[in-house]
Amino acid sequence: SLQGCPSPLLCPFPTLAMEFTVIDYSIFVLLLVLSSAIGLFYALSGDRQRTVQEFLLANRNMSFLPVALSLLATFQSAVAILGVPAEIFRSGTEYWFLGCSYLLGLLIPAHIFIPVFYRLRITSTYEYLELRFNKTVRVFGTITFIFQMVIYMGVVLYAPALALNAVTGFDLWSAVLTMGLVCTLYTTLGGLKAVIWTDVFQTLVMFAGQLAVIIVGAQRVGGMARVWHLADKEGKISGIDLDPDPFERHTFWTLAVGGVFMMLSLYGVNQAQVQRYLSARSEQEAKLSCYAVFPCQQIVLCLSCLTGLVMFVYNQEHPLAPNQRHSSPDQLVLYFVMDVLQDLPGLPGLFVACLFSGSLSTISSAFNSLATVTMEDLVRPHCPGLSESRATLLSKLLALGYGLLCLGMAYVSSMLGPVLQAAISIFGMVGGPLLGLFCLGMFFPCANPTGAITGLLAGLAMAFWVGIGGLLHNMRAAEAPPPPNGTALPAVGNLTTILTTTLLAPTPTPQSPTGLQKFYSLSYMWYSAHNSTTVILVGLLVSLLTGESAVDPRTIYPVLPRLLCCLPQKYRQRLCCGVTFPAQSNGVGNGLAPPGLQEEEEGQGYIRAAGAPTYALQETSF
């Protein structure tokens, strides 16, 4: 049945003849009811979301554990729940080495980005760009982020619902509308505190759903030891590939080093994550949340990889029906799950709840972060006299508006068809340049506003050139007949296929690519590193050509003084552009306002006092 499918192109595969039981539907409804109840609870308790700081930053009073689980859930979307097992099923366990990047990818934010952001007492990440450069750079960064998230949030809502509809017949638009409206409800009513606590609840549901699939699936094929043995026998347990070639899709270096830059773009400078750090009750709690999310990330990666291995072995012993064998990878995951769990009432519903928990946690974070940057970066600077009550009401209306926009984007996603692959890739393309912009400002005192804007534009141009060019190149290659002993990729037809193949980037490599074709074959794991490096190099070059500008030392992390410690003082001073970094200063180490600055109670950042205050920065240990 293709009931609810917007077009045959997007849903070319027949659905599995399976009906959900009352227990399955009850578990799914329970997920939505409890998520809504958390939002209502925080709307009616405490200060009842009456201030901007409470609505957008949870009153800066969260402990590290819920913040850590919320950090985990924010980008653990349904795409990853479906995509990573499909990647392991298709290519083996090499993707597992991505876990090696998590250590630096979380330590660097904990010891560099969090101290700088937290001590500035900002609400929006892009406030930092105004303190470091000027208001124009801040607006450029904000608009880039809004563009990135608006496109992403509709698809992350629509894609899993479409895959589920294609496999189980679960009504497509009923699922999309129900999830979108419930998410909008608890985000608008309960603010960031409701978003964080629903993330905690939804993370536990995701763990439960994945564990159920692994345990039942492994039991059906003789236990996990047999799963590992058969997977190893079939060559699915990968060794360490130390090939340094950046054009190889997955190697140890690609995953362990390129993955660090990808992690930094998500956990270092993305507004959805930084907002959670800033909601912690202290800088130490914010750092602890980064430490705590590390083992959680490893557990999630292990569960996804084990799901893929169990799925592979199960498929060897229980082959799919002929009309299911050519399904897209994400649909294969759902076929496997529904086949394994179909005679256990309640467990299919648990996995559906697990899948939709991934979507809810991601889009609720998108709503809240978009409302924050719109309020703090675009509305407040132009309405300085806005009262606290009006600002809070406007923030809630912005969250509501973005929720409705998400439903609109889900509808647009259903109309895009194959063009959607380029739209989805934008999320990954924009992360690298934004990371480069923040690194340019934080690590290089000589960078000026002109260099920052030019570097950002150059990084975005490079990202779109390589990204879109690579997508078109891969789509043309996918249409060509497969080489001898090769495997044809699934047709770019199903929306979730597009999303999964974009984020996991299965690249059909042509024989002996040359020129631009070789350039377009760059592994997707290096995109963030490549694009952020472009921003830094172009930004530095333009800054050196256009001259220095005034720098607030609070916005600089003192990397250069440490790297240049062996040089004479006059050369160090010149290379640091005259910025001094005293080892100690009163109050800054405790996150208090430096001398000459007063802190706003609403958490809008520091206001410069009259006169010329002396800024000082305490170095943080790494």
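This is a predicted model: local features need pLDDT of at least 70, side-chain atom pairs count only at pLDDT 80 or more; totals for chains, interfaces and linings use all residues.

Biologist: Which residues make the nonpolar surface patch?

Modeller: Leu-177, Leu-181, Leu-393, Leu-397, Leu-400 and Leu-404, which together make a patch of about 540 Å². Patch members have over 30% relative accessible area and no salt bridge; nonpolar side chains (Val, Leu, Ile, Met, Phe, Trp, Tyr) are joined within 5 Å, and like charges within 9 Å. The areas come from the Shrake-Rupley method with a 1.4 Å probe, and for residues only the protein chains shown count as cover. A salt bridge here is a side-chain nitrogen of Lys or Arg within 4 Å of a carboxyl oxygen of Asp or Glu.

Biologist: And which helices each supply at least two residues of it?

Modeller: Helix H8 (172–220) and helix H16 (388–416). Helices are DSSP runs (H or I, at least four residues), strands are runs of E (at least two), and both are numbered from the N terminus.

Biologist: Where is Leu-177 found? What does Leu-177 count as at 43% relative accessibility?

Modeller: Leu-177 is in helix H8. With 43% relative accessibility, Leu-177 counts as partly exposed. Buried means under 20% relative accessible area, exposed means over 50%, and partly exposed is in between (1.4 Å probe, protein chains only).

Biologist: At what angle do H8 and helix H15 pack?

Modeller: About 140°, with H15 covering residues 347–379 and the two axes 5 Å apart. Axes are lines fitted to C-alpha atoms, for helices over the stretch in contact, and angles run from 0 to 180 degrees between N-to-C directions. The H8 and H15 crossing is left-handed. That label applies if the near helix is turned anticlockwise from the far one by less than a right angle, and right-handed applies if clockwise.

Biologist: How many nonpolar, polar and charged residues does that contact have?

Modeller: The contact of H8 with H15 has 21 nonpolar, 13 polar and one charged. Ala, Val, Leu, Ile, Met, Phe, Trp, Tyr, Cys and Pro count as nonpolar, Asp, Glu, Lys and Arg as charged, and the others, Gly among them, as polar.

Biologist: Switching to charges: how many salt bridges does the count come to?

Modeller: The count comes to 13. One of them pairs the side chains of Arg-90 and Glu-87, at 3.0 Å from N to O. Both residues sit in helix H4 (residues 78–91), three residues apart, about one turn of the helix. Glu-87 is buried at 1% relative accessibility, whereas Arg-90 is partly exposed at 27%.

Biologist: Which residues are linked with them in a network of salt bridges?

Modeller: Arg-249 belongs to the network together with Glu-87 and Arg-90. Elsewhere, Glu-376 bridges to Arg-380, and their closest N and O atoms are 3.2 Å apart. Glu-376 is buried, at 3% relative accessible area, and Arg-380 is buried too, at 11%.

Biologist: What about Glu-317 and Arg-226?

Modeller: Their side chains meet in a salt bridge, 2.4 Å from N to O. Glu-317 lies in helix H13 (residues 283–317) and Arg-226 in helix H9 (residues 224–233), so this pair ties together parts that are 91 residues apart in sequence. Glu-317 is partly exposed at 34% relative accessibility, and Arg-226 is partly exposed at 36%.

Biologist: Where does Gly-223 have its place?

Modeller: Gly-223 is in the loop between H8 and H9.

Biologist: Last topic, backbone angles: what is phi of Asn-59 near?

Modeller: Near 60°, a positive value in a residue other than glycine. Most residues other than glycine have a negative phi. Asn-59 lies in the loop between helix H2 (52–57) and helix H3 (64–74). Arg-60 is also found in the loop between H2 and H3, and phi of Arg-60 is near 50°, again positive.

Biologist: Are Asn-59 and Arg-60 buried or partly exposed?

Modeller: Asn-59 is partly exposed, with 29% relative accessible area, whereas Arg-60 is buried, with 7%.

Notes: Residues are numbered from 1 along each chain as its sequence is written. Side-chain values use heavy atoms; hydrogens and water are left out.
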